[in-house]
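Reader: Hi! I'm new to this one, could you walk me through some side-chain contacts?
Author: Happy to, let's have it in view.

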Amino acid sequence: MKTLSKTGIFLLLATITMTANAQSKESLIRNGNSNFKKGNFNVAADFYKKSLDTKYNDKAQFNLGDAYYQQKKFKEAESSFSSVAGRNVTPQMEADAYYNLGNTMMEQQKYEEAFNAFKRCIKLNPQDEDARYNLEYARKKMIRQQQQQQQQQQQNQDQDKQDQNKNQQQDQNQDQQQQQQNQEQDKEEQEQQQNQQQQQEQQMSKEDAERMLQALQEQEKNTMDKMNEAKAAKMQRRKIQKDW
């Protein structure tokens, strides 16, 4: 890309008939121009701003944009050039403002905005070969930037999809683990219930056996008691018969 070729330094000559206020404004602009040529861009910017505080002037605003540009204050330069381009100025000044605005956008990597600015410049001044060169350069950079953005968007989408699949797989694994844990827990509970039931059955069997044994013992005791009673009765009868 060619360097900024339109510095936009308009030198204004004061006339004898100027008023004191006009002389003050023009003096500030001349001081700004003088410092700009010496490379004192920050000092030049201060003079241009003071001139604008006195009264707005398109050329002072334009030169202020140049001073900002030289200081690499591109956002401020963008504001200054846009202000000039948006006013009712001569076609040549408007074309120059769009040219410098395009260069300012290029420095900020705003290639689409730069392309549009150079296109506006060529529309106003079709003979500007520098603007045509910069327009083509901005177009190539704009296309490359758009391709990179699309590529980055695709990479982001692919990454989002991978993350989503990964999260889904993790969720599935967690669900499977939870199901397995639930199954194991259900199995343990069933085993516990079976063990409790077996223990209860064993306990009941033991109690039943004890009751049966107790019943047999009671039955046996009753039988023995009856036998003893019968024996005692028989002996009694024998005793009575013997006495007779």
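Reader: Where do Asp 46 and Lys 49 lie?
Author: Both Asp 46 and Lys 49 are in helix α2, 3 residues apart, about one turn of the helix. Helices here are DSSP runs (H or I, at least four residues), as strands are (E, at least two), numbered from the N terminus. This is a predicted model, where local features need pLDDT of at least 70 and side-chain atom pairs count only at pLDDT 80 or more, while totals for chains, interfaces and linings use all residues. Residues are numbered from 1 along each chain as its sequence is written, and side-chain values use heavy atoms, with hydrogens and water left out.

Reader: What do the side chains of Asp 46 and Lys 49 meet in?
Author: A salt bridge, 3.8 Å from N to O. The term means a side-chain nitrogen of Lys or Arg within 4 Å of a carboxyl oxygen of Asp or Glu.

Reader: How many salt bridges does a search of the whole structure find?
Author: It finds 3 salt bridges. Lys 110 forms one with Glu 78, the closest N and O atoms being 3.4 Å apart. Lys 110 is in the loop between α5 and α6 and Glu 78 in helix α4, so this pair ties together parts that are 32 residues apart in sequence.

Reader: Is Glu 78 buried or exposed?
Author: Glu 78 counts as buried, at 18% relative accessibility. Buried means under 20% relative accessible area, exposed over 50%, and partly exposed in between (1.4 Å probe, protein chains only). Lys 110 is partly exposed, at 25%.

Reader: Nice! Switching topic, how many aromatic pairs are there?
Author: The structure holds 4 aromatic pairs. Rings of Phe, Tyr and Trp (its six-membered ring) pair if their centres lie within 6.5 Å; planes under 30 degrees apart count as stacked, over 60 as edge-to-face and the rest as tilted. One of the pairs is Phe 62 with Phe 81: the centres are 5.6 Å apart and the planes at 70°, so it is edge-to-face.

Reader: Which helices do Phe 62 and Phe 81 lie in?
Author: Phe 62 is in α3 and Phe 81 in α4, so the pair ties together parts 19 residues apart in sequence. Both Phe 62 and Phe 81 are buried.

Reader: And what about the largest nonpolar core, how many residues has it?
Author: It has 37 residues, and Tyr 48 and Phe 118 have the most contacts inside it. Such a core is a set of buried Ala, Val, Leu, Ile, Met, Phe, Trp, Tyr and Cys residues joined through side-chain atoms within 4.5 Å.

Reader: Which element gives the largest share of this core?
Author: That is α5, with 8 residues.
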